[in-house]
Amino acid sequence: MGMEGIGARVARKEDKRFVTGAGRYVDDMVVPGMKHAAFVRSPHAHADIKKIDVGAAQKMPGVIAVLTGKELKTDGIGNLICGWMIHSKDGSPMNMGAWSPLAVDKVRYVGDAVAIVVADTKGQARDAAEAVEVSYDEKDAVTDASAALKKGAPQLHPEAANNLIYDWEIGDGDAADKAIASAAHVTTMHIVNNRLVPNAMEPRAALGHYDKAEDHYTCWTTSQNPHVARLVMSAFYNVAPENKLRVIAPDVGGGFGSKIYIYPEEIVCLWASKKSGVPVKWVADRTESFLTDAHGRDHVSEVKLALDKDNRITALKVDTIANFGAYMSLFSSAVPTYLYATLLSGQYVIPAIHCNVRAVYTNTAPVDAYRGAGRPEATYLLERTIETAAREVGLSPAEFRSKNFIREFPYQTPVIMNYDAGDYETSLKAAMKAADYDGFEKRRDAAKKNGKLRGIGMSCYIEACGIAPSAAVGSLGAGVGLWESAEVRVNGVGTIEVLTGSHSHGQGHETTFAQLVADRFGVPLDSVSIVHGDTDKVQMGMGTYGSRSGAVGMSAVAKALDKVEAKAKKIAAHLLEADEGDIVIENGELKVAGTDKAVPWFQMALAAYTAHNLPDGMEPGLKEGAFYDPSNFTFPAGCYVCEVEVDPETGRTEIVQFVAADDFGNIINPMIVEGQVHGGIAQGVGQALLEGCQYDAGSGQLVTASYMDYTMPRADDLPSFKVSTSNTPCPSNPLGIKGCGEAGAIGSPPAVINAITDAIGNNDLTMPATPQKVWAALNAKH
Amino acid sequence: MYQTTYHRASSVDDAASLLKKADDGKFVSGGMTLIPAMKQRLAAPSDLIDLRHIRDLKGVKVSGRSVTIGAATTHAEVASNADLAKVCPAMCNLASHIGDPHVRHMGTIGGSVANNDPAADYPAALLALDATIVTNQREIAAADFFTGLFETALNEDEIVTAVSFTAPDKCGYAKFPNPASRYAMTGVFVVSSGSGVKAAVTGAGDDGVFRSPEIESALTKSFDAAALDGVSVPAGSLMSDIHASAEYRANLVVVMAKRAVAAANG
């Protein structure tokens with residue numbers, strides 16, 4: 001590793017503009033003639049639309065257009081789709097109800113878009129939106145997924161009888177039942193995974209611009225994957241053909257999954273721009289974000305874990321109900337199936353696993369992937385159950401886990417995944433050492449003297465990242481391939497542009513991707529620029545989510561670099577009159593190995609473009625592209641230890657220590673990786689202690705629709721984390737990278753809850769473990 | 001936010017006359033409650049009359065044990081006032097824990113008192129201290145001033161100009177913040193003075209700030225945290241919401257009272 005190459009703690013190139021307020025976000029974009037949009041949204045969770053009267057709104061000052069779903073349908077704009085087909089266990093395809101970008105005859109959740117108003121100013125658009133008169137016929141609403149499955153529950157979509165989207169299973173149910181029946185011990189758990197609101201710092205936004213003269217659309221949008229947005233808007237929503245639609249995702253202020261999806265607003269802004277003849281910008285306010293960003297998690301599961309007389313796990317059986325909200329969001333169907341149940345083996349040898357999942361419509365915001373997407377649900381369920389089982393059979397949580405660890409790789413789980421590499425014992429030991437696990441009882445006694453209840457909890461997580469081999473996900477129902485593209489352009493004087501289909505919305509690609517190039521060619525980091533987020537610049541890409549940018553996006557870059565390197569060596573060999581096999585690249589020079597003959601990198605590049613003296617038949621220029629399709633998922637894993645002190649008088653939990661020992665494979669920039677772990681743990685602690693999205697069961701109103709009621713983690717809720725890595729390189733991609741973006745959010749919630757339940761001696765506790773809940777659990781008879 | 005017209009009042013009389021002229025005017029001080037409500041389109045005054053720049057309303061005066069705090073004094077100014085810290089440090093401490101630094105440098109004691117948010121900190125202090133709320137029309141005892149949730153004895157055109165109180169022998173405040181908003185989910189201000197013990201509770205009552213006879217009677221016997229061991233307060237008239245049930249709040253009243261007494265006893 002050089003000062004700026006792979007493994008270096010390089011400061012982020014992009015931070016200068018972010019910390020000086022010079023970032024360029026969608027709301028910073030200004031197009032001549034641009035006007036502003038406001039959406040009319042349903043105040044009801046479930047209602048028929050009787051009539052929409054736009055007359056008064058159209059007469060309001062500054063109003064240019066008021067458009068409804070009927071006109072949208074007339075113009076042939078399509079319904080939103082879910083892009084991953086799941087079949088129920090009876091073989092029938094999932095029951096997907098229609099989701100019109102603007103509701104036509106029915107609204108299904110509070111915030112459902114009904115009409116768009118375009119006006120000269122944002123204020124005028126909002127004033128006029130209030131003047132749109134919508135007559136509703138209110139119906140009963142249901143917000144809880146279990147309740148929605150019951151007989152007589154309000155029905156959301158005619159396509160989905162009993163609100164059931166699918167009833168899916170994986171694994172061998174008979175084998176699991178048999179093992180449970182003959183088990184020496186069975187641990188039974190009821191696991192609730194709380195609903196979360198993503199809360200990216202930058203709210204969603206869209207600017208649609210239709211150029212009549214060119215018959216061409218441009219959409220600036222807050223997207224994690226602008227190319228997927230273009231593909232879907234072209235192929236399914238009939239907004240415009242791909243060659244007439246440019247999608248740009250400029251600086252994007254956080255996504256966490258919520259900006260993967262193509263939402264009604266960007267479609268409607270593009271369409272409204274053509275209808276109204278002006279560029280149309282919409283920026284969500286925070287309330288709209290709470291109401292309409294795709295939420296995360298919301299699972300309820302029944303769990304049985306069977307052990308033999310030696311405390312080895314023999315089976316796991318899970319029955320999960322997943323709340324999908326009012327409509328099926330773009331990747332919603334994959335989250336509680338292939339991103340969830342396939343991870344239920346965790347780090348353990350479990351001979352028999354069976355999981356049944358029922359996906360359910362309710363009158364709530366759509367639910368889709370949120371940092372971790374399915375894997376936090378699997379990890380929380382498994383690690384709470386494992387810790388409980390250890391307590392029940394009287395083994396230490398570490399010993400019980402260690403006894404059941406997978407130790408030989410590759411390891412085929414009973415639920416599809418084939419783990420390629422890992423060393424769980426090393427992470428466990430590293431975490432226990434960093435946490436001074438052995439000294440805990442002394443600390444517990446000391447805390448007791450201060451009137452505090454101290455507890456310790458552990459979580460050994462595994463996740464599947466680098467999503468994913470296209471053929472494999474295709475066979476599981478994915479509507480897209482999950483490869484990535486890259487193009488490396490070496491300029492005439494040797495500076496380099498890397499075009500990637502990955503999208504950075506906080507991850508630091510402009511730094512880490514450049515480090516990869518600097519490392520390969522020994523050129524200064526500053527001579528490498530990363531281009532992303534624009535369909536007119538980067539041909540195609542699948543975007544950033546599921547911790548895939550390193551493992552998949554950078555692997556594509558590495559493949560393109562291979563091609564550049566091969567051609568560069570040919571040119572250098574020609575210039576140096578040497579054999580290309582003898583050329584090595586070191587410190588920005590192409591050298592004949594073992595001699596002092598060398599040509600500087602920039603001179604080789606210049607030669608490629610002057611083309612005065614190239615090998616016979618070689619094309620001028622130096623630009624290579626590559627598509628990389630991964631051969632497997634990657635499997636980051638680790639062990640997290642959380643130590644808490646509970647104030648028994650108030651139930652308040654303080655996290656006094658948090659240790660993360662991760663295995664991320666090879667690491668490009670340790671500082672950025674640590675930042676990802678810190679952020680992930682903050683979100684995981686948020687889920688465990690603070691964040692709980694609540695709807696009023698009767699009215700379907702979102703009760704936690706602002707920061708007055710929805711608790712985001714703050715700095716003073718968190719301790720200083722002790723993070724470390726001990727890495728086994730990933731054998732499945734050229735860089736040995738596993739991915740680190742979601743680990744913190746996946747591994748931390750069970751560690752926190754295991755610690756609190758250890759402290760209070762009551763295992764009956766749900767997330768978020770608010771002071772009130774912990775106090776009640778402490779005072780409950782058990 | 002709906003359209004509104006902003007006025008910066010130069011004096012209390014100017015403010016009163018601006019209000020009279022306005023169609024549907026509203027006084028604003030720090031605006032820490034009103035402005036967010038307007039941004040959410042939950043309030044739509046035609047005119048905003050800003051009281052913060054009226055010189056007469058600013059500053060803390062301490063004379064012996066007599067304290068007067070001008071209505072436009074910010075929480076940060078109360079928190080950092082050295083004279084006040086000498087005679088009534090609990091008041092400085094309370095102000096130093098309102099909101100965040102931004103709120104403390106914008107929000108004012110007059111605005112907080114006039115708004116009477118049931119989870120605000122000052123009302124508990126003023127009620128326990130037997131403070132007087134001074135307006136441009138009269139003087140009102142705290143016990144008569146805070147009349148319910150966001151309700152006060154103020155007339156439409158009445159402006160709080162100051163609060164005054166006599167610094168007691170001992171006082172202390174402890175609050176348990178709402179995890180999301182960090183307003184007091186339960187806050188207790190205790191006072192021990194020649195005229196006896198008073199304990200006022202904010203954030204918990206279903207009708208706003210109130211005095212707790214159970215806490216006061218226990219502390220009257222002995223102004224000591226241990227005197228509250230085994231004491232309970234009825235949950236019947238306490239708030240229940242998604243963050244805290246009435247029963248949990250009843251527990252917090254006693255716990256916060258203990259901590260407030262401990263703070264008062266230093």
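Let me start with the contact between the two chains, which takes 13 residues from chain B and 14 residues from chain A; two residues are in contact if their C-beta atoms, placed from the backbone, lie within 7 Å. On the side of chain B that touches chain A, the largest share, four residues, comes from helix α11 (residues 246–265) of chain B. Helices here are DSSP runs of H or I, at least four residues, numbered from the N terminus. That side of chain B has eight nonpolar, five polar and no charged residues. Ala, Val, Leu, Ile, Met, Phe, Trp, Tyr, Cys and Pro count as nonpolar, Asp, Glu, Lys and Arg as charged, and the others, Gly among them, as polar.

This is a predicted model: local features need pLDDT of at least 70 and side-chain atom pairs pLDDT 80 or more, while totals for chains, interfaces and linings use all residues. Residues are numbered from 1 along each chain as its sequence is written, and chains are lettered from A and ligands numbered from 1 in the order in which they are written.

Next, chain B. Its domains are domain 1 (5–50), domain 2 (55–166) and domain 3 (170–265), with bounds from an automatic or database domain assignment. Eleven residues of domain 1 of chain B are in contact with 16 residues of domain 2 of chain B. Helix α1 (residues 12–21) of chain B gives the largest share of the domain 1 side, five residues.

Last, chain A. Helix α10 (residues 375–393) of chain A packs against helix α19 (residues 743–760) of chain A at an angle of about 30°, with the axes 8 Å apart. Axes are lines fitted to C-alpha atoms, for helices over the stretch in contact, and angles run from 0 to 180 degrees between N-to-C directions. α10(A) and α19(A) are therefore roughly parallel, the word for angles under 35 degrees.

Methods
Helix = DSSP H or I, 4+ residues; strand = E, 2+ residues; numbered from the N terminus. Parallel < 35°, antiparallel > 145°, perpendicular 65-115°, else oblique.
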